[in-house]
Amino acid sequence: MQFHDDDVVPGMDALSATQIAKKAAEVKTMLGNQGLTPEFVAPRLWFAEQTTDGGYTSNSASDRAYAWDRTKKCVDIAGAIDCKAIVLWLAREGTYIREAKDARLAYQRILETVNAILDYDSRVEIWIEPKPNEPTDQAYVPTIGHAIALSFASKDHKRVKGLIESAHALLAGLDPSDEMAFALAHDKLGSVHLNDQNGLKYDQDKNFGGANLRVGFNQVRVLEEAATASAANSLGST
């Protein structure tokens with residue numbers, strides 16, 4: 001199961017830490033009863049009024065403080081349901097007007113947040129999900145290359161990986177299978193969202209293979225070849 005933080009704990013901004021922990025424990029029990037495993041929890045930072053101009057990269061110190069507090073709650077929720085990863089979709093970390101922010105400082109703030117999460121929980125992994133635009137006009141960390149650069153700049157790069165969504169790569173004018181291969185080559189592919197996209201338009205979220213079967217085929221091929229190679233390496237080391 002994949003969750004946003006408020007999927008696990010609805011209305012969490014209005015709840016105390018005790019209430020959040022109680023609700024997360026209920027969800028953990030439900031998952032266990034159904035034999036389900038949580039794959040990740042993601043802080044939903046793009047709907048709140050405080051994150052309209054970005055959370056981690058906002059020019060407002062109080063907005064940045066809200067984003068960090070929400071992120072800590074997300075990490076706590078992930079731990080409470082025995083989930084090893086959180087996903088950072090940096091949805092509003094970007095600009096509509098380039099001159100509105102200092103981009104160099106914005107990237108530094110994102111890296112500082114990644115490092116702060118790593119310090120906050122020594123067990124959690126961070127999976128960065130890149131997207132070049134929408135809801136912001138031009139987003140920071142638009143491709144998996146940017147995400148991997150952030151990973152290697154962090155204080156514990158082994159716990160920072162990427163999550164590739166097919167349509168997001170296509171929106172950047174890139175081939176999703178090549179993005180996946182690049183991440184796999186650096187042992188940085190945490191997960192994938194397989195869907196489809198008809199060209200450089202709004203984010204369409206089409207069914208996988210619904211727009212271009214060849215693009216879909218190559219994604220499956222890259223993933224299967226990587227799995228085969230990993231299995232062969234494991235056998236060779238035993």
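This is a dialogue on reading a few features of a predicted model.

Me: What kind of model is this, and how are residues numbered?

Reply: The model is predicted: local features need pLDDT of at least 70, side-chain atom pairs count only at pLDDT 80 or more, and totals for chains, interfaces and linings use all residues. Residues are numbered from 1 along each chain as its sequence is written, and side-chain values use heavy atoms, with hydrogens and water left out.

Me: How do helices α3 and α4 pack?

Reply: Two packed helices are described by the angle between their axes and the distance between the axes. Here helix α3 (residues 61-80) and helix α4 (residues 103-120) pack at about 35°, and their axes are 11 Å apart. Helices (H or I, at least four residues) and strands (E, at least two) are DSSP runs, numbered from the N terminus. Axes are lines fitted to C-alpha atoms, for helices over the stretch in contact, and angles run from 0 to 180 degrees between N-to-C directions.

Me: Which residues of α3 and α4 meet?

Reply: From α3 come R64, W68, T71, K72, V75 and D76, and they meet R109, T113, A116, I117 and Y120 in α4; contact means heavy atoms within 4.5 Å. By class, the residues of this contact are five nonpolar, two polar and four charged. Ala, Val, Leu, Ile, Met, Phe, Trp, Tyr, Cys and Pro count as nonpolar, Asp, Glu, Lys and Arg as charged, and the others, Gly among them, as polar.

Me: What joins E134 and P135?

Reply: A cis peptide bond joins E134 and P135, with omega about 15°. P135 is placed in the loop between β5 (125-129) and β6 (138-139).

Me: Where is D187, and what is its phi?

Reply: D187 is in the loop between α7 (176-185) and β8 (189-193). Its phi is positive, about 55°, although D187 is not a glycine. With a relative accessible area of 60%, D187 is exposed.

Definitions and conventions
Buried means under 20% relative accessible area, exposed over 50%, partly exposed in between (1.4 Å probe, protein chains only).
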